[in-house]
Amino acid sequence: MQKTDAQLAREAAGGSTPSFGVLVERHRAPLVAVAAGVLRCRDEAEEVAQEALLRAWQKLRSLNDPARFGPWLRTIARNLALDRSRSPRPVPLPDDPPERSSSGDSDERIAELLAAVETLDEEFREVIYRKHFSQQSGRQIAEQLGIAEGTVRSRLSRAYARLRETIQRD
Amino acid sequence: MDESHDNLEQRLDEAGRWSQPRDASWDSLLDRLESQDESAERPGGSSRPPWLAMVVAAGLLIAMVTGLVWLSQEPRDGKDFVHADPIEPIEVKRRGVTLTVFSASQNSQQTLFMPLLGGGQGGASRFGNAKQGGAEQMQMDSQELLAPNPGGYIANGITQQTFGRPSVAGRQKRGMALVKDRRLVMHLKQGDNLVKFTDVAATIDPTSVRLTSDTDPLGTQVVEQNFEFDLATADALLKRFVDKKVSCVERDSGELIEGFLISFDAQSLLLADAAVSDDPDAPRPKTEAIVRSQLQSIRVAEMPADLYTRPTLVWRLRTKTPGNHEMTLSYLCGQAVWQADYNVLIRDQDVDAGDTLDIKGWVSIDNRSGATFEQAGIKLIAGDVNRVRDPWAVVTGYGQNSEELWWSDLNVDGVFEAELEVRQKKFSEKTFFEYKLYTLSQPSTVKDRQIKQLNLLKAGGVKARRRYLFDPNRDATRATVQLLVANSEENHLGRPLPKGRVTFTAVDADGETQFLGRDKIDHTPKDEELELNLAKAFDVVCSHKQVRYKKLAHNHYEYRYEMRIRNHKETAINVRAVGHLASHANWKVTKTTDKYTKHDFKTLHFDCRVESNTEKKISYTVEHKW
């Protein structure tokens, strides 16, 4: 059984870099996703994700509930991305062709989906990020969140439904 | 938008893959954490006993008082020196980088100075480099990879680690770039300092490295420079532990085997139960050969200090000015190259009056130097830069000079992962020495193992004359369709065109863009004419034959040749027919049906017009004499 975020966060707060490294690996993709949903720019999103992790490392002791490490980290990333989006940024040339991703969706379309994920409630976001971004199985998510596997499945199902509604509405 | 259940999950999976970090700077994130200031906010601070904080505070107070007294006594020579704390570690921060990439050159010689590491592209960063996993992969779980490695774990079953270094086995990639890297070096002390620069290109030419201090160029000198490329591979680590104690964990049983490493190779380790003594009378230790594939991991006592995780430039720097220095590092590196690609859309087709073209030029920068250049100023040199072969350069058995093959690699699955990024920024062009220098208007990030495409030019309404070339030496029956484009301002061009590949397309009756053909152009100055070969004409049939041979004297012969061009098109065409003559004799055209121009000492050009659905016969008689 993997260590939970709460265990790792406690160890990291005690100065354990390896424990923080595991948390980094677990949460970096969701962080990039959160920042990309705000900034609509993948390169900048990676920068923000790293900055968020550096901030988190500095402020880890101020985290009252280590079990909420993931949401807390994503809030840092979201705030940093919002700060950055408000600051003056280089204006892209009008006829910039869209960046091609290795997969089918364009970067813009993916960013729209990420922004839609961000509109979900925290409990739904949590399972979406863990399943699709941190590539955790249903059992791992259940262990990490301390809930039953069936609950994970139902949360995911409701999260998909909400997400579909959001996408259709937009 | 109707999102089916599966489709939404697929899109989320795709977004998950898309969000996986790609930037190389992630590899150094934990290092950056560890190098952060020992501030009160840093985790672990509270776990220290209070008396330690008091001792530290008292020490700092004494140091400050001592420093103030010392500063007040220090004679000053007008300069406001910043006295760095001698115990403060030297830090290096990147300020900016300029990348000047040279175009693929015809005379490219193997000039890479990179040591051969051979083998696959396997490699693992601190976070694991899944993309680069080769057949022999680091077999550690994430916990081991992320561990600070106090015990120096070595993954078993790996023989080489290249850490993203381009593989030089097999085909040698060409190309060259000049890197100008500005960095802030902090906390230098007066006298000698050991300064390390990581994130330099793996294909660096160490002999071209130049480091200058912009803060104190006269008072700062490089005493010694080393390029450290003995990277921390499993074998490099094991080599340092021969005759020393190592511990192995067996894969299946989890049993711990300890012993003194006698020797090792790719398949096995030889362990002894005691250190081997040089004394011939000493009892010989028992030895055991262990198959490496049966091991889960091998543990050594500590990580040797002389192993580096990535290529590193190390200097012994002597300075008279302590404190922070703005420094500029410049060097040449290999395996970075650019070429131009032109997309020509034949917008309006008119065989007789001429075609109208829309031309878009792209620059493709292929960086496989082993370094990512973040937000770099980009300059491109067009022209054939002369180079000489370096005695250390890797010589491959392929002997390939074809750039076509070079570029075709981009499409070969599994050769490497080419990430295609398309951006549009403006290039300004200037003459530089005998070359053309193109400077990008905005900085751009050029990642390692990435092809970046940038807009070079856009020209619409370019007029082209269409010509059908019949050269019996190239093709005895068919004519080549050529487009002749004046590279002039009147023709909406009139700018130097770097050497590159030209792709022709046209829109068919259904509105679909169709591929027509591909050609190459050389570096073409303005006001020169581009001669572009498109394809073989379908409706134009040609023949060439010798119809007369007569010996006039023992050294004097007469030949007659006949060329026929049948135009089955509905429009008249302009044709250039090429007549080839003997190069070993004096010749004279005595009779001809059409006017010709002498192209060179053995080639005639007949430019003529062939009406629709007619046959044109060109006949010429030549006397050869020697």
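## Start in a loop of chain B

Select B:Asp199 to begin: this residue sits in the loop between strand 4 (191-197) and strand 5 (210-213) of chain B. Helices and strands here are DSSP runs, numbered from the N terminus: H or I over at least four residues for helices, E over at least two for strands.

Before you go on, know that this is a predicted model: local features need pLDDT of at least 70 and side-chain atom pairs count only at pLDDT 80 or more, while totals for chains, interfaces and linings use all residues. Residues are numbered from 1 along each chain as its sequence is written, and chains are lettered from A and ligands numbered from 1 in the order in which they are written.

Back at B:Asp199, look at the backbone: phi is positive, about 55°, although the residue is not a glycine. Most residues other than glycine have a negative phi. B:Asp199 counts as buried because it has 22 C-beta neighbours inside 10 Å (20 or more other C-beta atoms within 10 Å make a residue buried, 12 or fewer exposed, and anything in between partly exposed, with C-beta atoms placed from the backbone).

Now pick B:Arg449, in the loop between strand 20 (444-446) and strand 21 (450-470) of chain B. B:Arg449 also isn't a glycine, yet it has a positive phi of about 55°. Is B:Arg449 buried or exposed? It is buried, since 21 other C-beta atoms lie within 10 Å.

**Along strand 27**

Next, select B:Ile573 in strand 27 (residues 573-580) of chain B. B:Ile573 is buried, with 23 other C-beta atoms within 10 Å. Which residues does it contact, leaving aside neighbours within four places in sequence? Colour B:Val351, B:Tyr468, B:Val540, B:Asn567 and B:Val610; a contact means C-beta atoms, placed from the backbone, within 7 Å. B:Val540 is 33 residues away along the chain from B:Ile573, and their C-alpha atoms are 9.3 Å apart.

**Into the cores**

Go to B:Leu99 and B:Val101, which touch the most other members of the largest nonpolar core, a set of 74 residues. Such a core is made of buried Ala, Val, Leu, Ile, Met, Phe, Trp, Tyr and Cys residues joined through C-beta atoms within 7 Å. Beyond its neighbours within four places in sequence, B:Val101 contacts B:Ala177, B:Ala336, B:Val337, B:Trp338, B:Ile365 and B:Leu380. Another core lies apart from that one, with 53 residues, including A:Leu31, A:Val38, A:Leu114 and A:Val127.

Zoom out to chain B: it has six helices and 31 strands, and 29% of its 626 residues count as buried.

**Over to chain A**

Of its 170 residues, 41% count as buried.

Select helix 1 (residues 5-13) and helix 2 (residues 17-39) of chain A, whose axes come within 7 Å and cross at roughly 140°. Axes are lines fitted to C-alpha atoms, for helices over the stretch in contact, and angles run from 0 to 180 degrees between N-to-C directions. So helix 1 of chain A is oblique to helix 2 of chain A (under 35 degrees is roughly parallel, over 145 roughly antiparallel, 65 to 115 roughly perpendicular, and the rest oblique).

Finish by showing side chains: A:Asp5, A:Leu8, A:Ala9, A:Glu11 and A:Ala12 in helix 1 of chain A meet A:Ser19, A:Phe20, A:Val22 and A:Leu23 in helix 2 of chain A.

Conventions
Contact = placed C-beta atoms within 7 Å.
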